[in-house]
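Please keep the sequence and the structure open while reading.

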Amino acid sequence: MNKNIFLIGNAHLDPVWLWRWQEGCGEVLQTFRSALDRLNEYDDFVFTCSSASYYRWVEEIDKDMFEEIRERVRQGRWIPVNGWWVQPDCNIPSGESFARQALYSQLYYLEKFGMICDVGYNVDSFGHNGNMPQLLLKGGMRSYVMMRPDITENPDIPEDLFWWDGVDGSRVMTYRISGGYGKSGTDGIDKALSSLKERAAKKGHGMMLFYGVGNHGGGPTKGDLEHLCSKLKSDGFSELEFSSPVEYFEKMCAERLDLPVWRGDMQHHASGCYSAVSLVKKLNRKAENMLFSAETWNTIASKTTAMTAASSDLAEAWRNVCFNQFHDILCGCSIMEAYEDVRDSMGHAMATAARIENNAMLKIAGQIDTWFDGVSDTVVSSARHHCRNVNFPRPVVVFNPLSHEISVPVRTYHPSSRVTDFNGSDVVFQNVRSSRSNDSHLDTVFVAKVPPMGYAAYRLDWLSKEDGENVNNAQKTDVSASGLTIENKYLKVVFDDKTGGIKSLVSKSDGFDYAGGKTLALPTVIDDSKTDTWAHKVFKFHDIRGVMELVSIELVESGPARAVIRTKHRFNESHLTQNFILGSCQRVLRVKCKAMWQEDFSILKMPFALEGGDPISTYEIPSSFIKRPCNGEEEPAQGWADLTVTASDGLRRGISVLNDSKYSYDCPGNEIRLTLLRNVIFADHFSHRPKADFDFTDEGLHRFEYGISVHMGEAENSGITADAALFNCRPTVVPEGYHKGTEPPVKSFLSVTKPNIAVTALKLCEDGSGDTIIRCYETDGKDTGRVGIVCDMIDAGFWADFGKNEIKTFRVDSEGHVKETDFLEGIAEE
Amino acid sequence: MIKPYKLTAQPCRFCTTYKKGDAAIPPELYSAKSDAPDLCGFPLPLPSKKNDYTCRAVTMDGAEWFGATTGLTRYFKDAEREDDVIMFFAADRDLPDNRVISLLPKEDGLWVQTETGVTYIEMRLVGAEEKADILLAESVKYVDRRGMYSQKRLAVPGDVSSAVSYGHSDNDGCFTAGFAIAEMLRFATFKREKGAEHQDTLGAKKTALRAVEACLLLMHIHGRGDGFVARSYLCPDEPVPDDGLFFRKEGGKATCLETKAAKKRGMVGMVIDASAPVPDRLSKLYRDEGCGDDGIVYKADTSSDEISLHFLNLLFAHDILCADDPELDEIIKFSVRGLMEHIIDHGYELHDCTGQPTTWAKWSKKYFETSHGYVDACLNSAELLMYLKVTMHILGESGKWQKAHDELIADGYADLTEKHWDRLYQAGLSMGFEPVEDIMYGDHMLCVVSFWGLCMLEKDEALLEKYRNGFRSWRTSLKREFNPGYDLPFALSCPDEEIDMERMATWLYRINISRLAAGVSTIGRHDTPVATRRAGYKEISWLLPNDERFISKYDRNPFELKNVDSGGLNTVESCYIYTFAYWIGRYYGFFE
């Protein structure tokens with residue numbers, strides 16, 4: 001048995017935390033120089049370092065140093081680990097973001113160092129989602145090093161070495177660091193050695209000692225190395241070796257150990273991080289969605305028109321997003337100034353995405369035949385700022401980037417008297433109040449039905465002065481409203497005029513009232529004055545400061561396409577406006593919110609109670625979901641969370657809460673609560689705060705949306721993942737001109753035969769071959785078996801088996817031949 | 001509580017091949033012309049590339065057929081089952097070659113002209129039991145070799161009626177035991193449903209008995225009298241292949257024949273005792289064919305595969321066939337006692353005549369500590385515990401068997417049964433494999449019989465839970481196959497676990513109505529992605545239906561790309577592939 005202590009020389013580098021990225025970059029250069037010097041001085045010393053973005057900085061700034069590093073990598077003395085761009089937060093990024101972390105980083109390592117990283121390494125990240133084993137494996141990594149939560153925060157997770165099984169059954173060998181990743185100084189190292197020796201003897205396998213000054217870089221000091229070298233030569237320490245995590249895992253695999261197994265996610269360390277600094281959370285979600293859409297349409301346009309692919313621009317934008325997923329950035333625990341930088345770089349990513357998407361959509365729309373005979377004969381009208389022919393309806397094209405068909409209200413910024421599809425069939429629409437103050441003050445909302453990853457063209461007749469605003473009334477619709485009640489074919493929602501909450505939430509399919517006599521959605525302010533930004537050692541936020549007081553409630557819209565109730569609440573100097581929007585044929589009640597927040601040391605939560613037994617909460621995690629007990633602990637989640645119970649009628653019933661930019665919920669018993677805002681001091685580490693006038697993480701104006709839906713059965717069988725995808729990634733409406741074209745008014749570019757398979761990437765291969773990459777995952781936790789994927793534009797149609805929660809990536813060549821590959825697109829195999 | 005799944009009659013492919021010019025071929029086939037189908041916007045993946053399709057026809061049932069230069073596709077959008085909407089037909093099983101030239105619908109079927117020949121294809125509705133009968137009849141007629149059922153060579157490629165009379169398998173005992181268990185369950189089902197004296201019941205009993213006796217014969221044919229089990233045996237007129245250790249019996253002795261394996265071990269010419277008598281009831285199997293004991297050649301170096309199937313076979317035979325057959329019961333008891341004593345007395349190994357363990361029948365701690373044994377330990381510990389439980393059940397004794405069992409439990413054997421996936425995974429990692437590359441598909445059947453046997457017989461709740469966990473630890477690899485022969489015993493053993501009855505139905509529905517061992521190529525299918533695993537192993541990305549992939553026994557990775565049939569057009573296989581799964585389902589109430 002190899003019970004050695006493997007000495008892992010490293011420098012924990014936070015590129016952003018209590019400093020901005022510029023300082024982090026300098027810290028990387030200094031640390032790398034120091035590590036190279038130590039490598040020159042100590043023949044046996046081995047240095048381990050993660051994060052491709054750091055190497056890229058060095059490559060750009062100091063080519064000589066980069067060459068030195070390459071040489072050390074070739075010699076096996078400098079060990080790059082973690083095939084990701086940074087050590088990201090491991091709960092908030094989407095599954096596709098994790099794929100991109102691996103794609104851009106591993107290909108960088110392959111190009112620069114001729115290798116990919118076999119070891120995942122997130123020693124400081126605060127929690128690790130239950131799909132990580134799969135995300136690691138498909139990014140080329142078979143083993144993993146982590147540290148948080150530590151044994152005091154979660155004693156159930158095995159210590160030291162264990163198998164980690166993810167929600168899909170994927171497995172990685174995992175090492176949980178005890179006692180820190182940056183041991184330095186004689187005493188610290190000796191204590192750690194003593195403890196590790198004892199544990200190695202007890203467990204029967206080797207251990208890793210992580211030494212070297214960290215956080216703001218630094219690395220192993222001469223003193224550390226002298227001390228360790230002297231230990232190596234002294235009696236009783238023959239079991240020490242300078243090594244790397246790569247070597248450690250190789251040796252442990254060869255040992256054939258019967259290790260403990262941990263299944264699911266690894267939480268909690270910093271429970272406040274998933275709601276702190278709403279800005280960065282919103283930017284992350286928005287950038288992820290915009291890049292997905294932009295890349296999809298750019299790929300389609302490049303395959304079906306003469307448009308050039310924008311792969312390198314998209315890659316650079318994705319790298320920005322990946323960088324900002326660094327755990328101290330995305331978790332909201334960096335200094336306030338750092339978020340100025342985040343806003344800039346995420347802005348760059350989103351502007352890039354918007355430009356690429358718009359170019360592609362206009363190119364595709366330009367192929368559609370929108371022509372009317374005679375349209376060119378009349379003179380352009382006087383419709384103010386619109387250079388259009390008012391005698392003919394204006395065409396618009398609605399683009400759906402999702403891989404399932406959608407039917408959803410969309411908005412154009414002009415009023416209409418009629419909306420039809422290109423067959424001339426009427427479509428439900430409504431003129432609604434616009435955000436502008438000039439001309440009619442009206443926009444059009446109409447219910448667009450769009451095929452998967454495709455478009456549908458519509459025609460909108462101009463609203464004339466004679467039409468007035470009453471054109472809404474004649475349409476057949478499922479939407480109705482009266483007093484403080486709104487309803488459609490799925491839901492009947494009744495509001496309480498005293499509190500502004502929902503006092504009845506009835507499923508129209510069977511008449512069950514999910515409110516059950518309680519009032520839902522009462523904005524609740526939690527006291528958060530006793531914790532720091534991370535909320536170290538605090539896992540529950542239940543200390544209610546008060547419920548927001550209702551200022552006003554009114555029915556502000558009632559039409560064929562949607563009905564809207566607006567509530568306004570206040571709490572001290574803070575205000576919340578909510579528009580509860582129930583659209584035609586929509587399962588989800590959308591709530592569009594504006595908050596002006598001034599309440600220091602507070603959390604704003606939106607609670608939804610559901611009476612019944614056997615409650616279980618379910619949360620979306622990256623490309624999957626996980627179930628957790630309803631114990632009131634603050635939990636990270638993505639686009640949705642759900643509470644399901646055995647209701648009074650004996651049936652399993654649930655209420656799902658969706659969001660467009662939030663990542664934190666709790667579920668104390670029979671209530672699920674979405675955490676909307678968390679207003680604490682920036683970078684307040686263990687609350688050692690002097691008396692000062694601090695800036696707060698969520699003070700000021702916030703715009704966000706959440707949604708509510710109900711279901712029978714368990715959450716994962718309710719279609720909630722598809723609903724949340726649509727909630728987050730809405731169709732884009734492109735106004736078009738009149739032109740001849742070769743393409744039909746409705747078209748799908750890619751379709752999937754099963755509703756529980758979602759496409760998360762349609763892109764071009766990074767090797768420039770022109771091959772197409774299609775990535776999908778199973779959303780409902782079902783062994784689905786055979787799924788057909790058809791993509792005519794690249795002559796591809798193929799089947800693949802999907803296991804529960806499985807992510808699959810396919811690469812299609814110019815002949816339509818398909819390989820199943822992974823996040824690295826088969827490039828590392830070549 | 002098992003909720004029965006109703007199996008219904010489903011379309012099966014009946015393909016008859018003709019040489020061009022055969023008088024049976026309608027002449028208009030040669031001149032039949034049609035346009036290439038317009039497949040733009042076709043909603044489903046197609047087996048051939050769209051540009052490869054050259055002709056189209058519609059048969060009486062409303063199905064569309066698209067002929068391609070790479071095979072033939074049937075599209076029936078109103079198919080009762082989603083899996084049957086698109087079907088692929090190709091060489092070697094369905095077509096003479098894959099270049100389709102013309103199509104001609106006629107009567108209930110379709111004439112297909114390819115470059116080198118003509119095929120007439122009919123899709124006939126066949127019930128699940130009817131298919132079992134068809135396959136059984138073929139096996140009884142063409143595969144049976146003195147009650148043994150594995151496979152036979154064909155004198156005329158593709159013509160099962162040309163099966164030659166000889167041809168052993170390395171695993172005759174193993175495959176025949178699988179066949180025997182299926183037939184015993186058929187007998188028990190008929191007995192329950194039709195009565196003991198019904199001719200179907202009596203017929204099933206006769207087939208089952210013959211196979212059980214053939215298995216028992218392998219436990220005595222060697223004449224060693226020490227509980228050893230032969231892999232197989234040959235009558236004097238059958239050729240002896242050079243693929244293992246063979247002994248020829250003569251005058252109460254047996255001499256090791258010259259083969260590569262015998263030479264390597266220095267055993268050529270070795271003479272050993274073979275004087276122990278073969279029970280008359282068993283020797284009748286070869287005596288009825290005119291063979292005496294002298295000249296019989298048996299095959300040694302038996303593996304644990306054989307032993308495991310033998311034990312499960314004996315368990316079913318004792319429980320199902322022996323109530324009114326005390327003679328058989330005595331033989332079974334005698335046989336199981338001898339075999340179990342052999343294993344215990346030899347330190348949990350099966351020993352060849354040299355006093356050394358056979359290559360693959362080792363259940364000792366010593367073996368488990370070797371590098372091969374590290375992974376095998378989890379399966380082999382379950383096997384050994386199952387043998388002891390079966391022995392105690394059949395003999396109705398505890399004594400030394402219980403003592404051995406308890407010692408093994410104390411030695412951690414039950415704990416080892418739970419560690420299969422962990423150890424397989426780690427071994428794979430250390431060798432640079434993905435776990436799926438390291439799976440031994442032949443072990444699946446051994447896992448199933450071991451854990452099924454244990455879960456049937458174990459009454460101690462704590463041990464039972466360990467065995468269930470052990471069975472679960474195989475689930476990741478077992479469920480890749482969706483083989484009801486594996487999944488139904490799993491469901492019986494772990495009743496809380498879910499199984500996919502729809503996929504199991506597909507597995508049964510889509511098995512061909514003949515076990516001619518020629519399959520259909522997976523290479524070049526346009527609708528089938530290929531994945532290259534970490535160590536270079538290539539797999540396809542979906543489980544092709546049985547009638548669209550290569551033919552094998554229960555021992556191959558069904559995702560394998562390389563596509564080598566078990567014997568191709570030159571072999572006919574045993575029906576147990578189907579009947580084992582089907583009759584477990586029927587007997588235990590999974591299928592109606």
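Just after helix α19 of chain B, G589(B) takes a positive phi of about 85 degrees. The model is a predicted one, in which local features need pLDDT of at least 70 and side-chain atom pairs count only at pLDDT 80 or more, whereas totals for chains, interfaces and linings use all residues. Residues are numbered from 1 along each chain as its sequence is written, and chains are lettered from A and ligands numbered from 1 in the order in which they are written.

Helix α19(B) covers residues 576-587, and its 12 residues reach 15 Å from the first C-alpha to the last, close to the 16 Å expected at 1.5 Å a residue; the expected span is 1.5 Å times one less than the number of residues. Helices (H or I, at least four residues) and strands (E, at least two) are DSSP runs numbered from the N terminus. How many of the residues of α19(B) are buried? The helix is mostly covered, with 12 of its 12 residues buried, where a residue is buried if 20 or more other C-beta atoms lie within 10 Å of its own, exposed if 12 or fewer, and partly exposed in between, with C-beta atoms placed from the backbone. Among these buried residues are Y576(B), F580(B), W583(B) and R586(B). The buried residues of α19(B) pack against α2 (128-143), α3 (172-194), α17 (484-493), α18 (501-509) and β19 (571-573) of chain B.

**Strands and domains of chain B**

Strand β8(B), residues 118-126, is joined to β1(B) by nine bridges, and these two strands run antiparallel. Within this pairing, T16(B) has Y120(B) in β8(B) as its bridge partner. Strand β7(B), residues 109-114, is also antiparallel to β8(B) and is joined to β8(B) by five bridges, and the bridge partner of Q113(B) in β8(B) is V118(B). Two strands pair if DSSP finds at least two bridges between them. With three residues between them, β7(B) and β8(B) form a hairpin.

An automatic or database domain assignment supplies the domain bounds, and chain B is divided into domain 1 (10-126), domain 2 (127-168 + 501-592) and domain 3 (172-321). The C-alpha centres of domains 1 and 2 of chain B lie 22 Å apart, and 18 residues of domain 1 of chain B are in contact with 21 residues of domain 2 of chain B; contact requires C-beta atoms, placed from the backbone, to lie within 7 Å. On the domain 1 side of this contact, the largest share, five residues, comes from β1(B), residues 10-18.

**Chain A**

Chain A has 13 helices and 44 strands. The radius of gyration of chain A is 28 Å, close to the 28 Å that the globule rule gives for 830 residues, so chain A is as compact as a globular protein of that length; the radius is taken over C-alpha atoms, and the rule is 2.2 Å times the number of residues to the power 0.38. Of the 830 residues of chain A, 57% count as buried. Among contacts in chain A between residues at least 6 apart in sequence, 73% join residues at least 24 apart.

The domains of chain A are as follows.

| Domain of chain A | Residues |
|---|---|
| Domain 1 | residues 5-263 |
| Domain 2 | residues 282-367 |
| Domain 3 | residues 398-476 |
| Domain 4 | residues 480-728 |
| Domain 5 | residues 750-830 |

The C-alpha centres of domain 1 of chain A and domain 4 of chain A are separated by 39 Å, and 14 residues of domain 1 of chain A are in contact with nine residues of domain 4 of chain A.

Is T308(A) buried or exposed? T308(A) sits in the loop between α9 (278-304) and α10 (311-324) of chain A, and counts as exposed because 10 other C-beta atoms lie within 10 Å.

**Where the chains meet**

The contact between the chains takes 28 residues from chain A and 29 residues from chain B. On the side of chain A that touches chain B, β42(A) gives the most, with five residues. By class, this side of chain A has 11 nonpolar, five polar and 12 charged residues, where Ala, Val, Leu, Ile, Met, Phe, Trp, Tyr, Cys and Pro count as nonpolar, Asp, Glu, Lys and Arg as charged, and the others, Gly among them, as polar. Two bridges join β44(A) to β17(B), residues 530-532, and these strands run parallel. In β17(B), A531(B) stands opposite E820(A).

Note on methods. Contact = placed C-beta atoms within 7 Å.
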